[in-house]
Amino acid sequence: MITAALEEREHYLNASYGLKSWLLTKDHKRIALLYLGTITLFFALGGLFATMIRIELLTPQPDLVSSETYNKLFTMHGVIMVFLFLVPSIPATLGNFFLPIMIGAKDLAFPKLNLLSWYLLVAGGLCTLGAMFAGGVDTGWTFYTPYSSTYSNTYVIATALGIFIAGFSSILTGLNFIVTVHRMRAPGMTWFRLPLFVWSNYATSLIMVLGTPVLAVTILLVGCERLFHIGIFDPALGGDPVLFQHMFWFYSHPAVYIMVLPGMGVVSELVATFSRKRVFGYGFVAFSSVAIAVLGFLVWGHHLFVSGQSVYAGMVFSFLSYFVAVPSAIKVFNWTATLYKGSISYDTPMLYAFGFIGLFTMGGLTGLFLAALGIDVHVTDTYFVVAHFHYIMVGGTLMAYLGGMHYWWPKMTGRMYPEGWAKLSALVVFLGFNLTFFPQFVLGYLGMPRRYHVYPPEFQVLHVMSTAGASVLAVGYLMPLVYFLWSLRYGKLAPANPWGATGLEWQTSSPPPTHNFEEPPVVTHEAYDFAALLEEAQVG
Amino acid sequence: MGNRFPLFPVEASTVAPSVDHLLFYLLGVSIFFTVLIFSAIFYFAIKYRRRSETELPPEIHGSTKLEIAWSIIPFGLAMVMFAWGAKVYFEIERPPDDALDVYVVAKQWMWKLQHKEGQREINELHIPLGRAVKLTMTSLDVIHSFYVPDFRTKQDVLPGRYTTTWFKPTRVGKYHLFCAEYCGTKHSGMIGWVYVMEPQDYQAWLSGGAGGGSLAENGQKLFQELACDNCHHMDGHGRCPSLQGVYGSKVLLTNGQTVVADDAYVRESILQPNAKVVSGYQSIMPTFQGLVTEEGVLQLIEYIKSLKTQPGAAPAAAPARGGVQPPAGGAAAQR
C-alpha cells in the first residue's frame, strides 16, 4: 500500500523527464545531483592518478612511469582532488540539497545562480581536464613560482584557468548559501535553532566568498608573469620569489577549512541522530565553526617556516596556528560528550562518523606537530605533511562525505542501501585508510621528501605498506559506488524518516516534492529535540 | 644506511636531540588525547547502545564549565608546544659566530658547494665533526630546499636572494642530502651526501683538494679582472667607496638610511648598484648582472670579507659619521 502510494506520488525526480529538464533545472535538489555526478567522476579520476602514484612508489626505482609523468600524476591528483572534488564536495552536493530543506525553504535564494555555479565547475573542470589531455601540468597543485611562472614547460595556464573558473563556482555557491540562510528561514527557525550542518556551511560560505577571490588574483598574476613576463614572482624579472606563497596560502589555508568545516557539520548531524541527543554544547559547536573560519585567515604563514621569512613572522604564525586548535578540539570533545547517556545505534552513517572523529583527531593532533616551529623545519615538505593533510582531507572530509551520503541517500533517492555491505565498506575504508597513511608519518619523520619519484631503498618497506593500504582503500571506495547504484533499482523503498531524526528534511517525504514541503513548515522547537519528535509521533 | 627498515632517524647534529625531545612531548600529548577520545567513544558506544527503538535518552544541553575546561587545558598544552617550538626554532635559525662558511649554489638539479679554502663539490659536502658549519645559499633558477634529515635542518634556497642554515655534526658518517622543495622533472634526483669526518681526516681531505686557490683569492682575481679596483681604491681616494673594513659595518646611504653591509647587501651592490648608494658617492657604478656568476659573487663577497681583517691596512673601525669612511677630500668633495 505504501509502495503504491510512493510510486504514484509526484516528487522532484519524476516531476519532469528528459535531459533538458535536468540541464536547465533550477531545483536545488536536481542541481545537487548534477554536482554529485560531476564530482564523483572527478574523484574517480583523481583516485586513478593516486593509484598510479602508489603503484610507482612500490619500488625505489622508476618503473611504471618516467619522472615527467610522475610529476604530472601527483600534480593532477592534487589539482583534481582539491579544486574539483574536495572544495565542492559536501557544500555543493549535500549542502545544495539539504541546506534549503533544513531551514524550511523552497529553494536557495538564487536558483539560476546555483545552476550557473554548476556550469562554472563543469567549465573549469573541462578546462583543467583539457590541459591534462593536451599534455598535463607538472607544477604540483601548489603552483610555486618561479617554477610555475617561468620554468615549467607544461600547460600551466590552461590548468590555472580551469581553477580560476571553478573558483567562481565556489564563490557563487557561498554567496547563495549566505543569502539563503539570512533571508529564507522558515517562520520560527531562529539562528540558534539552525541545525549545525547549516552553521558549518554558513561558516564555509564566508570563507568561499572572502578567500576565493584572492586565489583568482594570484592565478591572474601568475598568468601575467608567464604570458607577458611582467616581473611579479621571478627575481630574474625583478619579482619576489616568496610573494606567491603568501598569496597562495592566504587562500589555500582557509580552503582547508572550506574542505573540512562542512564535514564537521555532517558529523554533528550524524552524532545527534544516532545517539538521539541534542549535540552537547550546541552553541559552542556552532560558534567554533565561525571561529575556525575567521582564525583560518590568520595562519597562512605557517606554510613558510623554512621559506626564508623572518623568524619573528614564523613565531607569530605559529602562535596563531595554535588558536585554531581550540575550536577544533571543542568540536571533538562535544561530539564525544554527546554520546554520553545517549541511545547509540550503529547504523552505517554513525560508523563513518566514528571514523571521522578518530581520523580527524589524529589529523588535528599531527597538525600541532607542524605548527611547532622546531619540528616543522624537519617535517615540512616530507611525507609527514602528506600524511597529516590526508588524515584531515580524506580521513576527515571524505569520511564525513560518505557518512552524509549514507545518511541522506534514502531522502535523496527514496531508496535504502544494503546495510550489511555499507557497514563493511565503512570498516574497509577505515582500515585501508590507516594502513595507507599511517606509515607516511613514519616516512616523513625519517626524512622522505614529498613529490619524489625515486627514493632511497631504506624507505621501501613503509612505501609498500602504504601501497597495500591504498588497494584496500580503493575497494572500500568502490563498494559504495556499486551498492548505491544497485539500490537505485533494487533498494528497499525508504520511509520519510528512516533514522528517527529531527531535522525538517525528515518531515517531508522521501524523495521530497519539487517545492520541498507540501505545506510551508513552522518551527516550534530547537534543533535535535528528540522528545518533541517522539511526542508528535505518539500524538500522530 | 645499513638499516634496511629504519623507523626513526639518526641524531647527527646538536639540534637533532632538541627537535626529538620536543617531538616526544607532542607525541605524549597526542597519544594521551587519542587514547582518551578513542576509549571514551568505545566506552559510550557500548554502554549506551540503543536497547529499544522507542527509548529516549535524557536531555543534556551542555556544560559551560566543561567547555571552558576543554578549551583551556588543550590551549595551555599548545602554548607549551609553541614556546618550546620557538626556542628550538631559534636554535636552528641562528648560526653561532665561529661557524665554518660554506657557500651553496643550487640549480636544476644539482647542488654546487664551495668551501672557503677553495674546495668545490657537487652533490657532496665534507665537513668536520664538532664544528658548526654555516651555509649561505642561493639558487640560479627555481626554489630548492637544502634538507639533511639526520641533522633535522631544512632551509629553502631562493633565486635572487641568500638564505642561510647551519648545523654542528655530532656523529661521523654519511648522511642524506635532499632537495625538499619541488623543483621540476628531476627533483628526486637532486640529492647527495653529507660526509661528517674526524677533524684530522677533514684536514687531509681539504689539503688533498685541487689547489685552485681560496675563495678570497679567487675573489681578488675576479675583482681585478672585472676592473673593480679602477674605482674602488683601497686607500679611499677612488670614485667609489673603499671596501676596506666595509663588511659587517654599518653603511650610511644617500637616502639617509643605514644598512649593515652583509652578504645580501654586497650581492645587491654588485648586481643592482643603484638600489642603495653610499652617502657621499654618486650612482656611477654599472650593473654586473650577467657579467659575474653567483659563484663569482660569492667569491667577491669572501674577498671583501677578507679585507676586513687584513693586517696593516686601514683600521676597520666604524667611521665617525656612521657611514663608510669617506675619503677626506676625495669623492665627498666632488658633490
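Predicted model: local features only at pLDDT ≥ 70, side-chain atom pairs only at ≥ 80, totals over all residues.
Chain A holds 18 helices and 0 strands, where helices (H or I, at least four residues) and strands (E, at least two) are DSSP runs numbered from the N terminus. The radius of gyration of chain A, 23 Å, is close to the 24 Å that the globule rule gives for 540 residues, so chain A is as compact as a globular protein of that length; the radius is taken over C-alpha atoms, and the rule is 2.2 Å times the number of residues to the power 0.38. Of the 540 residues in chain A, 66% are buried, that is, under 20% relative accessible area with a 1.4 Å probe, protein chains only.

Most residues other than glycine have a negative phi, and most peptide bonds are trans. Two cis bonds in chain A are listed below.

| Cis bond | Omega | Loop of the proline |
|---|---|---|
| Thr145(A) to Pro146(A) | near -5 degrees | between α6 (111–134) and α7 (147–151) |
| Ser510(A) to Pro511(A) | about -15 degrees | between α17 (460–490) and α18 (530–539) |

In chain B, Arg152(B) has a positive phi of about 60 degrees although it is not a glycine; Arg152(B) lies in the loop between β6 (144–148) and β7 (153–157) and is buried, with a relative accessible area of 0%.

Residues are numbered from 1 along each chain as its sequence is written, and chains are lettered from A in the order in which they are written. Local features need pLDDT of at least 70, whereas totals for chains use all residues.

Key
Heavy atoms only, no water. Buried < 20%, exposed > 50% of the residue type's maximum accessible area, 1.4 Å probe, protein only.
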